[in-house]
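Colleague: Could you take me closely through one part of this model, starting from a single residue? After that, please go on to whatever else can be described with the same terms.

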Amino acid sequence: MNETVEINHPNRPPSPYDVIISGAGPVGLFLACELALAKCSVLVLEKAPNPHSPLKQLPFGIRGLSAPTIEALHRRDLFGDLEIHKRLKNPHTNTGQGANRQVGHFAGIPFREGDIDTSRWHNRLPSSPETSLMSEMQEMETLLSHRAESRDVEIKRGFPVTSFEQSAEGVTVQSGDHTFQSKWLVGCDGSRSVVRKAGGFEFAGTEPDFTGYTTRLELADPEKLGSGRNLTAHGMYLQSQPGYVIIQDFDGGAFHDSGQPITLEHLQEVLRRISETDVTVTALHIATTWTDRARQATTYRNGRVLLAGDAAHIHSPLGGQGLNLGIGDAMNLGWKLAATIKGIAPEGLLDSYQTERHPIGAQVLDWSRAQVAIMKPDPAARALNAILRDILETRDGATYFAARVWGISTHYNLGGTHPLRGHSAPNFEFEDGTTLAEKMHDGRGILLDFEGASALKTLASQYPQLTCISGTPKQSLGLSAALIRPDGIIAYATDNSPDIQEFHEALTQWFVPVTRH
Ligand SMILES: Cc1cc2nc3c(=O)[nH]c(=O)nc-3n(C[C@H](O)[C@H](O)[C@H](O)COP(=O)(O)OP(=O)(O)OC[C@H]3O[C@@H](n4cnc5c(N)ncnc54)[C@H](O)[C@@H]3O)c2cc1C
């Protein structure tokens, strides 16, 4: 689609907001921060009047963050304000020691630190941030809300998006009796997204195999349950810590979809059946259900309406990837939508959001389907599970699975021959001790010129969205120059004398020179 649509129609007053975001979850808030960083005016409409919920707090609100999310937080100077991860233990890393330490899992099958060959990961450096850590939804949302508001984002809570209409000039958004105007609307309103439904987006995928339960309860006889993750003839249960039980009941998702309340009696019946014990539940404090339904919007854009996060894709939380996927969407979309609004987007920039993010979403959906396939309580699944268990104990297996689970292997197909093109930029450390991530706080693109290639700098100086960084880093990984997009993705890289033509093509694919402003 062409991005040169006239944004302000001559006969209409200018729209008051550049972008309305539906949903103040982590994805909507991260996107709001990105847009505001690029000086766009943003209104976030959030259905819930109160930002606090027990389901967002520990332990229910625990979310595993993977490398691309952790990098994004560093690149936008958000990481330092997160505290809770320092005292959170990853439930998958609390057994074993040293090289034998479990550092992640696939369908509950652990992989161990000592089996992972990190030397194969070409974009990692000693100065790279963690590959994974635990976080809390509540803390993340609070931090992002504060950052967004400090950049003049307006957040209206208790204002659900109920409908909208779009025209060639903008979008009129309805929240009950309230009407808001914007140039663009982004649905970040979660798995039941009103924007997705009202926008006519097709949501294609597969139906669930199970209902998952996350519960806080009291048991008369907790010793009857096994420790850790237990695959049984009927499903799976896990006592993550005393009083906190997760269950997978392979009922085809029937209970979750029925909308019935989760009573103590029901939960006891499910837990007894799955655990094959006569364990007794004496109190049920809180419980929520979920499924492995896996669906993805077939397109992420319809005119002036876009989708990101769970609004664009849903899948089971196995392996904890949904939040990471959504933050990746927001990091990818933010600078592209901002450039489109500011009239400095090359042809096709906004549509590259769909081209790049849709395949990544599809991969995550398949990753969760693959896990469900080997957790099913049937002999074929058990047989596959045993084979996978052997593979994860090998060096190749552990390295592959860790790279997938931690998002190390996530990349876009940007053409070119350099192996780093399309990957997240290594966090180079410079002589003064600063790192690349610290140079990216302002959300601009970066030319890294490690060998004084003046022709590159001359060309790049015509692009006001770029910062040039010269000088040699402590470790260059053999690179002589690289072009890095605002989202931290390498658009061009070379180990040799730069090919000016190739560099110019990369520049014009992502940025617009000053002469066209
Ligand atoms: C049990 C469980 C464990 C998980 N663990 C992990 C994990 O370890 N790692 C990971 O990466 N992911 C995990 N996830 C997934 C992750 O929580 C979601 O992918 C993530 O919250 C999606 O963020 P979002 O902002 O897109 O949507 P949400 O967090 O759902 O936020 C959407 C927001 O939109 C609001 N809203 C809804 N409708 C409207 C409307 N009509 N108008 C305005 N606002 C509206 C909602 O109130 C909400 O605030 C887990 C999920 C579950 C259920």
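Modeller: Ser275 lies in helix α6, which covers residues 264-275. This is a predicted model, so local features need pLDDT of at least 70 and side-chain atom pairs count only at pLDDT 80 or more, while totals for chains, interfaces and linings use all residues. Residues are numbered from 1 along each chain as its sequence is written, and side-chain values use heavy atoms, with hydrogens and water left out. Helices (H or I, at least four residues) and strands (E, at least two) are DSSP runs, numbered from the N terminus.

Ser275 has a relative accessible area of 6% and therefore counts as buried; buried means under 20%, exposed over 50%, and partly exposed in between, with a 1.4 Å probe and protein chains only. The side chain of Ser275 reaches the backbone oxygen of Leu271 at 2.6 Å. That side chain also makes a polar contact of 2.8 Å with the side chain of Thr277. A polar contact is a pair of N or O atoms within 3.5 Å; within protein, one must be able to donate a hydrogen and the other to accept it, and residues adjacent in sequence count only if both atoms are side-chain atoms. Leaving aside neighbours within four places in sequence, Ser275 is in contact (heavy atoms within 4.5 Å) with Leu225, Thr232 and Tyr237.

Next, the ligand. Of the 27 residues around the ligand, Glu46, Arg63, Gly64, Asp310 and Leu323 come nearest; a residue is counted if one of its heavy atoms lies within 4 Å. Oxygen atoms of the ligand lie 2.6 Å from a polar side-chain atom of Glu46, 2.7 Å from an N or O atom in the side chain of Arg63 and 2.8 Å from a polar backbone atom of Leu323. On its own the ligand has 1,000 Å² of accessible area, and the protein covers 81% of this. Two or more residues of the shell come from each of α1 (26-37), β2 (42-46), β3 (62-66) and α7 (322-342). Of the elements, α7 gives the most, with three residues.

Glu154, in strand β7 (residues 154-157), is partly exposed because its relative accessibility is 31%. The C-alpha atoms of Glu154 and Val42 are 6.4 Å apart in space, although 112 residues separate the two in sequence. Not counting residues up to four places away in sequence, Glu154 touches Tyr17, Val42, Leu43 and Val44. With Tyr17 there is also a polar contact of 2.7 Å between the side chains.

Tyr492 lies in strand β24 (residues 490-494). Tyr492 is buried because its relative accessible area is 1%. The side chain of Tyr492 reaches the backbone nitrogen of Asp499 at 3.2 Å. Beyond four places in sequence, Tyr492 touches residues including Arg421, Ala481, Pro498 and Phe503.

Last, strand β12 (residues 211-219): seven of its nine residues are buried. β12 runs antiparallel to strand β15 (residues 244-249), and six bridges join the two; strands pair if DSSP finds at least two bridges between them. Thr211 has Asp249 as its bridge partner in β15. β12 also pairs in the antiparallel sense with strand β16 (residues 281-291), over nine bridges. Here Leu219 is bridged to Val281 in β16.

Conventions:
Accessible areas come from the Shrake-Rupley method with a 1.4 Å probe; for residues, only the protein chains shown count as cover.
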